Amino acid sequence: MSDQREENGLTGALDRAAHLLRDEPAPSAAWRDAVLRSAAADGARRWSVRPWVAIAACAACVLAGAALTYGVLRERGGAAAAATTAADGSVRPSPLPVRFAVEAPGAVHVSIVGDFNRWNPAGLPLHRMPDGRTWVVEVGLPPGRYAYAFVVDGRLARDPTAAESGADDFGVPNSVVLVGGS
Amino acid sequence: MLVRAVLAGDSAAFAMLVDRHAPACLRFASRMLGNREDAEDVTQEAFVRAHRALSRYDDQMRFRTWVMSILANRCRTALLHRHRRTSRVVIDGAAVEQAVGPENGDAELRDAIERALARLDPVQREAFVLKHVEMLSYDEMSAITGAGVSALKMRVQRACDRLQALLREDGYE
């Protein structure tokens, strides 16, 4: 080991520069929470059910989705396409517009993280409304259940208006939105 | 052991793993990719992948080495799909000449070394950062990169030579 250091021993400016490169700002709380949330969401997707249960559930969802879509389309007289047909013939629900809004007077930056953007804190910024206190973004989401949270100036915040709250797997606040399905 | 605790369903143990290893991972990724935003993306991805693959973790290897090997792969992939974000390293000869000089302190030297790192071949940059920023042994570096120890020593040496030359061009001896 010391031999290795000898061989590649740094001197002068490069030695000082290498020391400077070892300084790095600590991870932000929002980033840490995003990592934990995305790992939990990924784990829940992958391991919470046995594979055959997941396959059966997927098949049931596809059938239910197809039946629901068919019913909706019939009800609407087929005027609007609420689903797309994939190349393999399966019916995929179209994204539905979902509007997220939060009151954060005085905030400088507000974004939203959730299952739909892999809890990426840089993902979806909200726009400040003319009243100066309300922040809004509209997202297209296929029907489903999504856990999410707002990031207000780097801090995660639960949506106070959400009908449902998710389990805080890592002590990270999150809310849940159900898209479609009724 | 924290990994066993995570596998047993203790989610707080995974948070402890993240707290313990994220700073070094973010530093490595930042040096490899040249900006913090991309580094946060790939490090997050690496931890999610590590969490997913935890049952396959071999505790003969240090957890840091294992997660770094995942991260190094993500960095290589990110470098292949570059230009999504603009690097904060700007190579502007005039500005450099005006601003950089040994008398201007650590901030300028740091800028100079970051510019120089960005100009290195990624394979050499990886070897240099693992050796002289993360201070890893060649055996650990070999486990992370999959390259042999001799090849890594060569890469580190070449990286040092090139970095020294680039720093010298900026007035640093």
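**Group meeting: a predicted two-chain model**

Good morning. Chain A holds 4 helices and 11 strands. Buried residues account for 25% of the 182 residues of chain A. If we take the contacts in chain A between residues at least 6 apart in sequence, 62% of them join residues at least 24 apart.

Let us turn to chain B. Here there are 9 helices and 0 strands, and the pattern along the sequence reads α-α-α-α-α-α-α-α-α. Of its 173 residues, 42% count as buried. Among contacts in chain B between residues at least 6 apart in sequence, 69% join residues at least 24 apart.

How many bridges join β3 of chain A to β7 of chain A? Strand β3, residues 96-103, and strand β7, residues 134-141, pair in the antiparallel sense over 8 bridges. Within that pairing, A:Val98 stands opposite A:Val139 of β7(A). On the β6 side, residues 127-128 of chain A are joined to β7(A) by 2 bridges, and these two strands also run antiparallel. There, A:Arg128 is found opposite A:Trp135 of β7(A). Strands β6(A) and β7(A) form a hairpin with 5 residues between them, and A:Gly132 in the turn has a positive phi of about 80°.

Next, a pair of helices in chain B. Helix α2, residues 11-33, and helix α3, residues 36-52, have axes that come within 8 Å and cross at roughly 140°. The two helices α2(B) and α3(B) are therefore oblique to each other. The crossing of α2(B) past α3(B) is right-handed. Residues making this contact include B:Phe14, B:Val18, B:Ala22 and B:Leu26 from α2(B), and B:Ala39, B:Val42, B:Ala46 and B:Phe47 from α3(B). Sorted by class, the contact has 11 nonpolar, 3 polar and 3 charged residues.

The contact between the chains takes 36 residues from chain B and 32 residues from chain A. On the chain B side, the elements that give two or more residues are α2, α3, α6 (106-118), α7 (122-133) and α9 (149-169). Which of these gives the most? It is α2(B), with 10 residues. The residues of the chain B side divide into 17 nonpolar, 8 polar and 11 charged.

Among the buried residues are B:Arg125, B:Glu126, B:Phe128, B:Leu130, B:Lys131 and B:His132. What do the buried residues of α7(B) pack against? They pack against α2 (12-21) of chain A, together with α2, α4 (63-80), α6, α8 and α9 of chain B.

My last point concerns a residue that comes just after α7(B). There, B:Met135 takes a positive phi of about 60°. B:Met135 lies in the loop between α7 and α8 (138-145) of chain B. Is B:Met135 buried or exposed? It has 12 C-beta neighbours inside 10 Å, and B:Met135 therefore counts as exposed.

Definitions and conventions:
Residues numbered from 1 in each chain as written. Chains lettered and ligands numbered in written order. Predicted model: local features only at pLDDT ≥ 70, side-chain atom pairs only at ≥ 80, totals over all residues. Axes fitted to C-alpha atoms, helices over the stretch in contact; angles between N-to-C directions. Parallel < 35°, antiparallel > 145°, perpendicular 65-115°, else oblique. Left-handed = near helix turned anticlockwise from the far one by under 90°. Contact = placed C-beta atoms within 7 Å. Nonpolar A, V, L, I, M, F, W, Y, C, P; charged D, E, K, R; others polar. Pairing = 2+ DSSP bridges. Buried ≥ 20, exposed ≤ 12 C-beta atoms within 10 Å, placed from the backbone.
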